[in-house]
Amino acid sequence: MSIVTIQLGQCGNQIGHEVFNAICGDVHGTHGLCSKKENESYHDACKERFFREEESEVPVARAVLVDMEPKVISQTLSTAARSGYWKYDGRSHFCQKQGSGNNWANGYSVHGPKHKEVIMDLVQREAEKCDRLGGFFTIMSMAGGTGSGLGAFVTQCLRDAFPSSFILNHVIWPYGTGEVIVQNYNSVLTLSHLYQSSDALLVHENDVIHKICAQLMNIKQISFRDVNQVIAHQLGSVFQPTYTAEGGLHYSRNPLGDLMEMLVPHPEFKMLGLRNIPQMPENFLAYSTFSWPGLIKHLRQMLIANAKMEEGIDWQVRPPCLGSSIPSSHSTNKPLHFNTSVANLVILRGKDTHSVDLGSFRDPSLYTSWLNPQDAFNAWKTPRSFNKYEKSAALVSNSQFLLKPLDSVVGKAWNMFASKAYIHQYTKFGIQEEDFLDSFTALEQVISSYSNL
Amino acid sequence: MGRSTAGGRWGEGGRAVGKPRPPQRRPPPPPPRPLRRRGFRAPSSKEKAAAACPAMTQSVVVQVGQCGNQVGCRFWDLALREHAAVNKALLIDMEEGVVNEILQGPLRDVFDSKQLITDVSGSGNNWAVGHKLYGCQYRENIVEKLRKTAEHCDCLQCFFIIHSMGGGTGSGLGTFVLNLLEDEFPEVYRFVTSVYPSGEDDVITSPYNSVLAMKELNEHADCVLPIENESLFEIVNKIHQMVNSGKLGSTVKQNSMITSSTGSAKTAQEKPFDAMNNIVANLLLNLTSSARFEGSLNMDLNEISMNLVPFPRLHYLVSSLTPLYTLADVNVPSRRLDQMFSDAFSRDHQLIQADPKHNLYLACALLVRGNVQLSDLRRNIERLKPSLHFVSWNQEGWKTGLCSVPPVGHSHSLLALANNTCVKPTFIELKDRFMKLYKKKAHLHHYLHIDGMEQSCFSEAISSLSDLIEEYNELDATKGGPRTDPSRLKIAV
């Protein structure tokens with residue numbers, strides 16, 4: 001099954017490009033430390049998922065590029081073509097000239113309806129080129145105008161046009177100390193709208209990735225390219241082929257569907273966080289050895305202590321004993337700072353994955369009480385290692401990971417809204433105060449739901 | 001010396017924009033002419049590969065009055081240097097003197113002599129003459145010329161008006177054109193660079209002209225970048241001192257000063273105001289750099305307007321450009337880079353007499369060009385944030401942009417735009433100087449005898465300015481006070 005990627009805005013296009021690079025780099029650059037047969041299987045599955053063949057040329061990414069100004073797309077297209085390993089379809093993009101001016105309303109209410117037909121036409125064409133469509137993966141930032149506003153509109157259109165397809169939105173959370181002054185407004189509007197049309201939101205926070213670049217990757221002068229490459233690596237670790245069942249004979253054919261089924265049991269809970277370990281500069285890899293027990297232990301603690309990366313993990317945080325009387329701030333018996341999960345998915349790649357003990361992730365005390373613990377946890381595996389890491393483990397988690405960031409963004413947006421600052425910029429393009437209020441209400445509901453886990 | 005209005009644009013041909021004219025079939029767009037494709041260069045293979053992507057947006061520069069034209073010419077000079085090619089521009093002129101000089105000089109190919117509006121007399125430092133008399137007289141002509149220019153733009157995004165506030169043409173006719181632009185091209189942004197008069201201005205009526213113009217700026221501009229000659233003068237002096245002091249270990253790179261014209265098309269002797277005008281020209285170049293060149297985080301003009309204008313009338317942006325010059329050594333230690341950021345917030349780098357650091361920020365934008373990384377930008381924001389005061393509802397109010405291409409002669413540069421209450425003193429002084437004249441009704445008759453001018457024009461103008469000052473006062477009152485965030489929405493669980 002194939003996934004159609006839709007890259008929206010500057011951020012979406014820059015990241016999308018790195019994702020396809022990472023996937024290609026993984027497939028071509030390493031032999032996976034496994035059998036030749038396994039490697040070929042992996043290669044084929046990956047190709048079918050993300051690329052299509054075009055006659056005698058390099059594989060073409062199954063992607064639609066959308067932006068409201070031309071510079072980023074033209075750079076993305078040409079850089080990809082230069083790689084020699086893959087490229088974009090030269091006609092599979094749409095851009096305008098003016099940009100969206102960081103204005104969600106401009107992206108959603110003006111550009112969206114105006115260009116709906118052209119954009120959906122491109123998506124339709126790309127979808128038709130899939131033997132079997134596995135769903136849509138959209139990449140966008142929340143802070144700007146195109147990715148956020150037009151992205152929300154396009155997601156709605158996808159839902160209308162493909163009611164039974166899976167839609168996963170990859171959303172970039174901006175730096176807390178602004179990149180865009182109205183980013184909190186744009187974020188609130190984006191999240192509330194995506195929640196209605198999307199199946200799940202997979203979030204990456206710029207602040208977190210920046211720290212990974214600084215502290216784990218030892219990069220001194222961090223650029224957006226560095227940030228995007230780390231993000232791409234993390235996404236690759238989730239979406240490269242895996243076996244979803246023990247003793248499975250073939251690589252999963254329905255990655256998006258499987259993901260949704262396992263992680264989003266209830267439509268009120270759609271926020272997914274991502275962790276991937278180990279993460280280090282390439283030249284360190286030769287000197288490092290990893291053990292599965294070590295990796296699993298770290299990953300689990302990162303989950304329950306809500307650690308954003310493999311450094312500075314708080315080992316004091318422990319899951320509660322069920323039925324105990326530990327004082328807590330919630331009506332449930334979970335202690336403070338403990339990250340409660342709805343559902344978790346662990347993805348293991350590399351040597352000896354068949355022997356890994358994942359019992360610690362099945363501990364019922366990690367999860368909210370209304371889901372059967374057996375259903376709350378799943379694991380995908382492949383003996384084929386990913387991108388030069390002999391062993392790597394990724395965690396996709398539907399938990400309270402994003403509760404604090406969400407609360408922070410909504411709080412700041414509300415604070416600004418109370419003063420009515422910048423509202424005239426939105427009403428100018430058709431988004432009224434009532435629309436803002438609806439969005440705030442929707443997100444307070446999500447916050448409340450996650451808080452009460 | 002002439003009084004004139006002039007305009008210029010870069011970009012290629014295409015369909016018309018603006019208010020719909022009586023129904024007529026638009027001619028099909030001309031076939032793409034390679035030399036004009038993306039701004040100034042002939043298309044590279046990269047551009048050919050992206051042939052299906054439309055060219056970028058265009059801006060039209062409208063230069064009004066003596067000051068406006070002198071700055072404008074500096075701008076075109078430097079813009080050409082940045083893009084290293086020649087392109088067409090529009091020139092509307094009020095006096096023959098300036099035009100003739102330009103048409104004979106090295107920039108003659110830039111300006112199309114067919115697009116002129118000239119008049120011999122000038123405006124006598126009288127806003128009413130510029131705005132009411134000439135406005136009325138030349139309205140049709142100006143609209144016609146503007147339409148023609150706009151028609152050549154594939155996608156017109158912004159008008160830049162350059163003028164001074166204290167005189168007659170720049171101030172009066174300039175603000176008249178501003179009104180016109182709003183009527184005829186409501187969708188297109190209007191950015192105005194206004195040179196405010198100093199206290200010792202030799203034009204006695206400059207306070208009248210400025211306040212009358214302010215009302216127009218309040219009501220019809222999207223963004224105003226106020227400039228004061230005193231600040232430009234101080235910056236020029238500062239650079240001269242540094243260059244001549246011999247204190248620096250290394251030498252200053254010749255064409256790297258933001259005051260220099262070296263390497264530009266101009267070969268004649270530099271006029272006394274050239275250095276100061278170059279600074280303003282550089283401001284405009286930096287403002288538009290992200291629209292013209294690539295970068296990892298683009299910052300277009302519509303984004304500037306969106307992020308820096310929280311309330312419609314509070315659209316006055318204090319600007320600073322750093323560094324003022326580059327030293328000859330190639331390696332830039334990060335200490336020097338950090339200094340560039342610090343300087344952007346210092347009093348003596350602002351282009352008006354203002355101190356943003358000790359006043360209240362409503363919003364701040366940083367546009368970095370050249371060899372500066374994201375981490376440098378973020379580190380400096382974190383470093384400088386604690387010493388700045390931001391309004392309670394915009395505590396993290398930063399807008400940032402990263403453009404890969406630095407200005408000519410520099411390896412990196414920074415443009416800071418601040419929506420800050422530090423503009424207030426400038427406006428208060430202006431109001432005071434106005435009132436001093438107005439109370440005695442000094443020189444009023446020169447204005448009132450112009451058709452269309454009445455006493456109410458003056459009272460409305462000063463009222464508009466007072467209201468603006470009051471808005472800033474209200475914001476200042478919140479500074480340093482206790483912060484109580486509004487309580488959040490409660491929803492039923």
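A residue is called buried here when its relative accessible area is under 20%. The legends below describe close-up views of a predicted model.

**View 1. Helix H13 of chain A and its buried residues.**
Helix H13 of chain A covers residues 403-418. Its 16 residues, at 1.5 Å a residue, should span 22 Å, and the end C-alpha atoms are 22 Å apart, so the two values agree. Buried in H13(A) are A:Leu403, A:Pro405, A:Leu406, A:Val409, A:Val410 and A:Gly411, together with A:Ala413, A:Trp414, A:Asn415, A:Met416 and A:Phe417.

**View 2. Backbone after helix H13 of chain A.**
A:Lys420 follows H13(A) and has a positive phi, near 65°. A:Tyr422 is placed in the loop between H13 and H14 of chain A. Although A:Tyr422 is not a glycine, its phi is positive, about 70°. With a relative accessible area of 0%, A:Tyr422 is buried.

**View 3. Packing of helices H6 and H15 of chain A.**
The axes of H6(A) and H15(A) lie 9 Å apart, and the helices pack at an angle of about 70°. The two helices are therefore roughly perpendicular to each other, since angles of 65 to 115 degrees are classed in this way. H6(A) contributes A:Tyr185, A:Val188, A:Leu189, A:Leu191, A:Ser192, A:His193 and A:Tyr195 to the contact. From H15(A) come A:Phe436, A:Ser439, A:Phe440, A:Ala442, A:Leu443, A:Val446 and A:Tyr450. Eleven residues of this contact between H6(A) and H15(A) are nonpolar and three are polar, with no charged residue.

**View 4. The loop between helices H8 and H9 of chain A.**
A:Gln240 lies in the loop that links helix H8 (224-239) to helix H9 (255-263) of chain A. A:Gln240 counts as buried because its relative accessibility is 0%. Leaving aside residues up to four places away in sequence, A:Gln240 touches A:Ile23, A:Asp26, A:Val27, A:Tyr42, A:Cys46, A:Arg49, A:Phe50, A:Arg349 and A:Phe386. A:Arg253 is found in the loop between H8 and H9 of chain A. A:Arg253 is partly exposed, with a relative accessible area of 46%. With residues up to four places away in sequence not counted, A:Arg253 touches A:Met1 and A:Arg132. The C-alpha atoms of A:Arg253 and A:Thr242 are separated by 9.2 Å, the two residues being eleven apart along the chain.

**View 5. Helix H9 of chain A.**
H9(A) is mostly covered, with eight of its nine residues buried. The buried residues are A:Pro255, A:Leu256, A:Gly257, A:Asp258, A:Leu259, A:Met260, A:Met262 and A:Leu263.

**View 6. A positive phi at A:Asn102.**
A:Asn102 is located in the loop between strand S5 (93-95) and helix H4 (104-128) of chain A. Its phi is near 60°, a positive value in a residue other than glycine. A:Asn102 counts as buried, at 7% relative accessibility.

**View 7. Cis peptide bonds in chains A and B.**
In chain A, the peptide bond from A:Ile277 to A:Pro278 is cis, and its omega is near -5°. A:Pro278 belongs to the loop between strand S9 (271-277) and helix H10 (282-285) of chain A. In chain B, the bond from B:Thr322 to B:Pro323 is cis, with omega near -10°. B:Pro323 sits in the loop between strand S6 (318-322) and helix H10 (334-344) of chain B.

**View 8. Crossing of helices H4 and H5 of chain B.**
Chain B has 14 helices and ten strands, and 60% of its 493 residues count as buried. The axes of H4 (residues 127-151) and H5 (residues 169-184) of chain B come within 8 Å and cross at roughly 45°. This angle makes H4(B) oblique to H5(B). The crossing of H4(B) with H5(B) is right-handed. Among the H4(B) residues in the contact are B:Trp127, B:Tyr134, B:Arg139, B:Ile142 and B:Leu146, and those of H5(B) include B:Leu173, B:Phe176, B:Val177, B:Leu180 and B:Glu184. The residues of the contact between H4(B) and H5(B) comprise eleven nonpolar, seven polar and four charged.

Terms used: Residues are numbered from 1 along each chain as its sequence is written. Chains are lettered from A and ligands numbered from 1 in the order in which they are written. This is a predicted model: local features need pLDDT of at least 70, side-chain atom pairs count only at pLDDT 80 or more; totals for chains, interfaces and linings use all residues. Side-chain values use heavy atoms; hydrogens and water are left out. Axes are lines fitted to C-alpha atoms, for helices over the stretch in contact, and angles run from 0 to 180 degrees between N-to-C directions. Helices (H or I, at least four residues) and strands (E, at least two) are DSSP runs, numbered from the N terminus. Angles under 35 degrees count as roughly parallel, over 145 as roughly antiparallel, 65 to 115 as roughly perpendicular and the rest as oblique. A crossing is left-handed if the near helix is turned anticlockwise from the far one by less than a right angle, and right-handed if clockwise. Contact means heavy atoms within 4.5 Å. Ala, Val, Leu, Ile, Met, Phe, Trp, Tyr, Cys and Pro count as nonpolar, Asp, Glu, Lys and Arg as charged, and the others, Gly among them, as polar. The expected span of a helix is 1.5 Å times one less than its number of residues. Buried means under 20% relative accessible area, exposed over 50%, partly exposed in between (1.4 Å probe, protein chains only).
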